[in-house]
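Work through the exercises below with the coordinates loaded. Try each task before reading its solution.

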Amino acid sequence: MKSDKLFTQFQIKDFKLKNRIGVAPMTRMSAGADSIPRQDVLDFLVRRAKNGASIVYTEAIVTDYESAQGYPGQARMLTQPQIDAWKPVVKEIQKQGALAIMQMFHCGRMAWPEVNPANRIIAPSSITPKQDNPITESPYPVPETMSLFDIEHVIAGFVETAKGAVEAGFDGIEIHGAHGYLINQFLSPYSNKRTDSYGGSVENRYRFAHEVIQAVRKVVPDNRLLIVRISNWGVADMEVSLFDTQEEYREIIRFLSEESIDAISVSTYEYQQKAFGSDKNMAQLTREVTELPVMICGGIYDRSSAEDALKDADIVLSGKSLLLNPNWVEDVQGEKTLNRFKSEDANIAYTPEPLP
């Protein structure tokens, strides 16, 4: 293939990637009462590094023991046993020539009380998603509006989780600001109706994300990556645009570009889809207003889609394809004909059966 980028090297900060392929962060809900993922889930990550991915993300790690958790069986990185469980995994990923990146998040209103140790659900505003919780098949409970104390407390959880990742040896940390979770809830006028300094204007709605990034950056050494993930869609009310306009999204990207971060990861449901009624996709809109490296995911399942996505991004991330096909990188390099998996196919990720 001419003008191929997928299997070329890419420099991101002090790291040289062997190709432009990464394993997207995926929620597995496989942790026990100790908040440590099952061994087969950890082995899965190592195997994807061994099989050619240049970046391997953890599943999303929740950031505290009070209000961050949104689903049963989620992992944490706050205690010594939890940190120690990840150390050999990180070393093995790095041994295979890949970067290990920990993604962390707070679910905010995307939760129900029974899964949080403090039985709390908090959010920027006391507004629920319109759709029912797909797991409980019941309406989401109304969250508590976060106080300034809650905001400070939640930021501290991000910091402590970042410290855990640093001790575990991760090459990078990603702050999950996408998919309608807490940071995204602050960013979006759909879920943020506050009238204080954290609501209203784009700058005010960005304030919480800024404070999280600033606090986390202080505990992440300069020789590690700090990445922020963003999206215009959420796991609930997927048909809703989380930003009102193209310019509003671009303003958020400009703010992110002024932070001490090393890349922006743009999550889409379909990387080619035109955004905000424009003739441009999310990667193009992002690229136009930032010089930071851009990662993209969503609908990337074979060589052709990956190369096409790299026209507007630097790195592609794959979720379902790498989840369900351990040889995906090799198959893509060999230009095999590959089928695109459906969301239902990925439900195996939430079962007790180990993946190949």
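**Exercise 1.** Which elements cover the buried residues of α2?

Solution. Start with the ground rules. This is a predicted model, where local features need pLDDT of at least 70, side-chain atom pairs count only at pLDDT 80 or more, and totals for chains, interfaces and linings use all residues. Residues are numbered from 1 along each chain as its sequence is written, and side-chain values use heavy atoms, with hydrogens and water left out.

Step 1: locate the helix. α2 spans residues 80-95. Helices here are DSSP runs of H or I with at least four residues, strands are runs of E with at least two, and both are numbered from the N terminus.

Step 2: list its buried residues. They are Gln82, Ile83, Ala85, Trp86, Val89, Val90 and Ile93. Buried means under 20% relative accessible area, exposed over 50%, and partly exposed in between (1.4 Å probe, protein chains only).

Step 3: recall helix geometry. An α-helix has 3.6 residues a turn, so residues three or four places apart point the same way.

Step 4: find the cover. It includes the helices α1 (39-50) and α3 (148-168). The strands β4 (55-57), β5 (61-62) and β6 (99-105) also contribute.

**Exercise 2.** Is Asp222 buried or exposed, and which residues does Asp222 touch?

Step 1: read its area. Asp222 has a relative accessible area of 63%, so it is exposed.

Step 2: list contacts (heavy atoms within 4.5 Å). Leaving out residues up to four places away in sequence, Asp222 touches Lys13 and Arg217. Asp222 and Lys13 are 209 residues apart in sequence, yet 9.5 Å apart in space, C-alpha to C-alpha.

**Exercise 3.** How many helices and strands does the protein have, and what share of its residues is buried?

Solution. Step 1: count ten helices and 13 strands.

Step 1: take the buried share. Of the 356 residues, 61% count as buried.

Terms used. Expected span 1.5 Å × (residues − 1).
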